[in-house]
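Student: I have a structure open and I'm new to it. Could we walk through it together?

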Amino acid sequence: MSTVSQNLTELKKQLPANVTLVAVSKTKPAEQIMEAYQSGHRIFGENKVQEMTKKYEQLPKDIQWHMIGHLQRNKVKYIAPYVSLIHSVDSLRLLQTINKEGAKNNRVIPCLLQIHIAKEETKFGLNETELFEILDGDEIKNLNHITINGLMGMATFTEDKEKIRSEFKTLKNLFDTVKNRYFSDNSTFSVLSMGMSGDYQIAIEEGSNMIRVGSAIFGERRYQ
Ligand SMILES: *Cc1c(COP(=O)(O)O)cnc(C)c1O
């Protein structure tokens, strides 16, 4: 067995049945993705439109591609035909663009709203006020070519486990609030995407049901 499939097998053994694993393959070549594919994995995450689209074209069509990185509105059209979940929606305007491109492609595109939970300036995402503005607004009711499937967040990059835990707790609470207030009779809103290689165990303990793991599967990256 290759290292990639070994890592994947070990990781999957630890995961509760309700947790979906997104194998983050950004910067990694198609051959390594195929190693994971051959061991049965089908869900891969990328953070750049061009790279994801190239891999989509090269690789088997039953792969589910998740966009996890910051997404510019003018690039949505490239992924709209095939993307299976966009984790990184951080504005109403982006949601409107995804909706428009979904309509052009005659499909409904599943989306997560990315929430800013880290205490770092550099991370993208909505704060709570912006989130509720979108959910309370009238515009969102007209978007028939997207679905809001849940929330996504990234914890602060730190060794401080209690800080990470408390940020995940905050996101889980927000998820529950949003679910109860806006989606209580809508089972589509069900995904809480939180946890990466360094913190997925904590994320799962705090209620994550989708983790995005790259380096623990494919090895360290030289660049982002
Ligand atoms: C790169 C990336 C990951 C995976 O990071 P690892 O630490 O390699 O597991 C997860 N989520 C997002 C948004 C990323 O950009």
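Student: What follows H5, and what is its phi like?

Tutor: This is a predicted model, and in it H5 is followed by Asn106, whose phi is positive, near 60 degrees.

Student: How far apart are the end C-alpha atoms of H5?

Tutor: Helix H5 covers residues 92–104, and its end C-alpha atoms are 19 Å apart. At 1.5 Å a residue, its 13 residues should span 18 Å, so the two values agree.

Student: Which residues of H5 are buried?

Tutor: Leu94, Leu95, Thr97, Ile98, Asn99, Glu101 and Gly102 are buried. An α-helix has 3.6 residues a turn, so residues three or four places apart point the same way.

Student: And what do the buried residues of H5 pack against?

Tutor: They pack against H4 and E4, and also against strand E5 (109–115), helix H6 (128–136) and strand E6 (146–153).

Student: Switching to rings: how many aromatic pairs are there?

Tutor: The structure holds five aromatic pairs. One of them joins Tyr56 and Tyr82, which are stacked at 3.9 Å centre to centre, with 10 degrees between the planes.

Student: Where do Tyr56 and Tyr82 lie?

Tutor: Tyr56 is in helix H3 (residues 49–58), while Tyr82 is in the loop between helix H4 (76–79) and strand E4 (85–89), so the pair ties together parts that are 26 residues apart in sequence.

Student: Is Tyr82 buried or exposed? And what about Tyr56, how accessible is that one?

Tutor: Tyr82 has 10% relative accessibility, and because buried means under 20%, Tyr82 counts as buried. Tyr56 has a relative accessible area of 23%, which makes Tyr56 partly exposed.

Student: Which Phe residues do ring pairs link into a cluster?

Tutor: Phe175, Phe183 and Phe189 are linked that way.

Student: Which rings have the charged end of an Arg over them?

Tutor: The charged end of Arg42 sits over the ring of Tyr37, 3.6 Å from the ring centre. Likewise, the charged end of Arg181 sits over the ring of Phe132, 4.8 Å from its centre.

Student: Zooming out, what does the protein chain have in helices and strands?

Tutor: The protein chain has nine helices and eight strands, and 50% of its 224 residues count as buried.

Student: What is the radius of gyration of the protein chain?

Tutor: The protein chain has a radius of gyration of 17 Å, and a compact globule with 224 residues would have one near 17 Å, so the two agree. Its C-alpha atoms fill a box of roughly 50 × 45 × 35 Å along the principal axes.

Key:
Residues numbered from 1 in each chain as written. Predicted model: local features only at pLDDT ≥ 70, side-chain atom pairs only at ≥ 80, totals over all residues. Heavy atoms only, no water. Phe/Tyr/Trp six-rings, centres within 6.5 Å; stacked < 30°, edge-to-face > 60°. Helix = DSSP H or I, 4+ residues; strand = E, 2+ residues; numbered from the N terminus. Buried < 20%, exposed > 50% of the residue type's maximum accessible area, 1.4 Å probe, protein only. Lys NZ or Arg CZ within 6 Å of the ring centre and 35° of its normal. Rg over C-alpha atoms; globule rule 2.2 N^0.38 Å. Expected span 1.5 Å × (residues − 1). Contact = heavy atoms within 4.5 Å.
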